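User: Could you walk me through this model, chain by chain and then piece by piece?

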Amino acid sequence: MSTASNRIHDAIRESLHEALPQIGDIDFDAALTSDIGLDSVQIMDLVMEIEDRLDISIPIEVLAEVKTLNQLAGKLDPIAVGTPR
Amino acid sequence: MSLFDKFSGLSQARAELGHHGIAPVATPIDDIISASEGIIGGRRVVLAGTNNYLGLTLDPDVIDSARTALEHLGTGTTGSRMANGSYHAHQALEQELADAWGWASAMVFSTGYQANLGSISALAGADDYLLLDSDSHASIYDGAKMSAAQTLVFKHNDPENLDRRLTRLGDDASRALIVVEGLYSMLGDQPPLAEFIEVKRKHKAWLLLDEAHSFGVFGQRGLGLAEQHQAIDGIDFVVGTFSKSLGGIGGFCVSPHPQLELLRLAARPYIFTASPSPAVIAGTRTALAKVLDGQHLRDALWRNIHQLYSALNDMGYRLGSATPGPVAAIILPDRQTALAHWQGLLEAGIYTNLMLPPATPKGLNLLRISLSAAHSEEQIGRIVRAFEGLSLAA
């Protein structure tokens with residue numbers, strides 16, 4: 001995994017733990033809605049948290065095709081490359 | 001497999017809510033007695049959930065204007081203003097709206113929803129950015145979805161969070177349209193408008209203020225929160241609705257920028273729909289004059305607001321906003337308690353709104369009350385006594 005990819009996975013993990021402290025181990029193949037149980041408002045809150053942890057901007061249009069955490073991480077990879085921590 | 005399979009969750013949620021008598025969603029209102037009273041389930045109730053802030057829906061002068069237009073101009077315009085003709089009264093209302101703000105241009109839309117959809121989708125194009133407050137109304141999110149711009153969301157009522165997002169855009173921030181609301185209708189809270197304007201100016205961005213729930217309520221002439229804060233010159237676009245304080249249906253966008261006129265050629269929700277009926281336009285023109293000259297209505301509304309907020313605070317209820325306003329949102333611990341409160345109030349003769357996730361911010365279960373200038377002191381007292389009855393029963 002690249003450094004950027006590690007940073008993205010860490011940010012997702014930390015943001016999700018903050019949103020759902022009871023979540024325990026995180027499966028990145030889990031679906032945001034049906035498995036993790038996030039509704040659309042919670043997904044938006046999660047994305048805002050990740051944005052600030054990585055200091056990047058994530059257009060909400062990017063989320064249209066995202067179903068799992070790994071897919072979310074994949075969408076963020078090109079955005080986060082080269083940005084400061 | 002069916003096209004309807006995807007609605008199974010919604011169907012189940014509706015069935016669960018419908019098990020307990022009168023439905024809390026799309027509640028049938030059998031009849032209207034006055035701006036503040038109606039018949040639900042065969043019983044007379046106080047209407048405390050209809051957004052009728054100034055009580056103008058049954059104003060005799062508004063009705064007379066609408067009736068005259070109905071008789072002279074007919075039931076509808078039967079088409080789009082761009083394709084099928086633009087009535088004089090529609091243009092006159094736009095001039096009156098522009099004059100109210102002292103601005104260059106105003107456009108009338110067929111609904112408030114379409115006013116946001118049309119303004120936002122047309123103003124922000126492919127190379128532009130939309131910066132939305134996370135608690136924005138669905139019409140704002142849908143306008144963003146219809147726009148070709150990239151949409152970024154900032155934390156609710158957090159100018160510093162907006163500042164960070166605009167900073168990341170660098171020079172592109174000058175092509176960013178920030179959208180905030182004058183009053184958020186779920187929690188009844190207001191934005192820190194002066195701080196948002198400061199951030200907008202720092203980045204040379206643009207600011208659209210949706211005054212749907214604040215128009216008529218705030219400011220000496222009822223223009224909304226920007227007037228209340230003497231901040232009108234910091235706003236680029238105000239979007240509003242005719243369906244709350246003005247008591248009709250329709251919406252508008254008004255701006256100091258004369259180029260707003262170009263949206264008539266670009267905003268699809270303006271172009272490809274029928275314009276409001278003549279009766280609606282005539283009624284709205286009379287209602288607008290009453291709002292601008294309606295300090296006595298605002299005085300009555302604010303008396304009711306302070307009376308109810310004070311009583312709910314005394315009873316220890318947790319409210320969505322510490323600052324009193326025309327919406328009082330009571331935060332309840334769970335779905336069942338919220339539903340029980342809604343039903344208990346209805347049984348006591350008070351109609352309110354039940355608001356549940358995911359339609360609410362932060363997964364909150366809310367009981368929402370909208371106050372009106374038309375509520376009498378006795379009716380506010382009935383609302384308070386109904387809550388006291390629930391507290392005793394708990």
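Analyst: Helices (H or I, at least four residues) and strands (E, at least two) are DSSP runs, numbered from the N terminus. This is a predicted model: local features need pLDDT of at least 70, side-chain atom pairs count only at pLDDT 80 or more, and totals for chains, interfaces and linings use all residues. Residues are numbered from 1 along each chain as its sequence is written, with chains lettered from A and ligands numbered from 1 in the order in which they are written.

User: What pattern does chain A follow along the sequence?

Analyst: Chain A has three helices and zero strands. Read along the sequence, that gives α-α-α.

User: What radius of gyration does chain A have?

Analyst: The radius is taken over C-alpha atoms, and the globule rule is 2.2 Å times the number of residues to the power 0.38. For 85 residues a compact globule would come out near 12 Å, and chain A agrees with that, at 12 Å.

User: How much of chain A is made up of buried residues?

Analyst: A residue is buried if 20 or more other C-beta atoms lie within 10 Å of its own, exposed if 12 or fewer, and partly exposed in between, with C-beta atoms placed from the backbone. Of the 85 residues in chain A, the buried share is 26%.

User: On to chain B: what radius of gyration does the globule rule give for 394 residues?

Analyst: Chain B holds 14 helices and 14 strands. Its radius of gyration is 21 Å, close to the rule's value, so chain B is as compact as a globular protein of that length; the rule gives 21 Å.

User: And what percentage of chain B is buried?

Analyst: The C-alpha trace of chain B spans about 60 × 55 × 55 Å along its principal axes. Among its 394 residues, the buried ones make up 52%.

User: Which element gives the most to the side of chain B that touches chain A?

Analyst: Here 13 residues of chain B are in contact (C-beta atoms, placed from the backbone, within 7 Å) with eleven residues of chain A. Strand E6 (150-154) and helix H7 (159-169) of chain B each supply at least two residues of that side of chain B. The top contributor, with four residues, is E6(B).

User: Which residue of E10(B) is the bridge partner of Met107(B), and which is the partner of Val239(B)?

Analyst: Two strands pair if DSSP finds at least two bridges between them. Strand E4 (residues 105-109) of chain B pairs with E10(B) in the antiparallel sense over five bridges, while strand E9 (residues 237-241) of chain B is joined to E10(B) by four bridges, also running antiparallel. For Met107(B) the partner in E10(B) is Cys253(B), and for Val239(B) it is Cys253(B).

User: Which residues of E10(B) are buried on each side?

Analyst: Strand E10 (residues 251-255) of chain B is mostly covered, with five of its five residues buried. In a regular strand the side chains alternate between the two faces of the sheet. In E10(B) one side has Gly251(B), Cys253(B) and Ser255(B), and the other has Phe252(B) and Val254(B).

User: Which strands stand at the edges of the open four-stranded sheet in chain B?

Analyst: The order is E1-E2-E3-E12 (chain B), with mixed pairing. Each edge strand has a single partner strand, so one side of each is left without a neighbour in the sheet; they are E1 (31-34) and E12 (350-351) of chain B.

User: Why do the buried residues of H13(B) line one face of the helix?

Analyst: The buried residues in H13(B) are Ala338(B), Leu339(B), His341(B), Trp342(B), Leu345(B) and Leu346(B). Arc here means that of the directions from the helix axis to the C-beta atoms. Seen down the axis of H13(B), these residues line one face because they fall within an arc of 160 degrees.

User: How far apart are the C-alpha atoms of Thr286(B) and Asp59(B)?

Analyst: Thr286(B) is found in helix H11 of chain B, and counts as buried because it has 23 C-beta neighbours inside 10 Å. Leaving aside neighbours within four places in sequence, Thr286(B) is in contact with Asp61(B), Val62(B) and Ser65(B). Thr286(B) and Asp59(B) are 227 residues apart along the chain, yet their C-alpha atoms are separated by 9.7 Å.

How values were computed
Contact = placed C-beta atoms within 7 Å.
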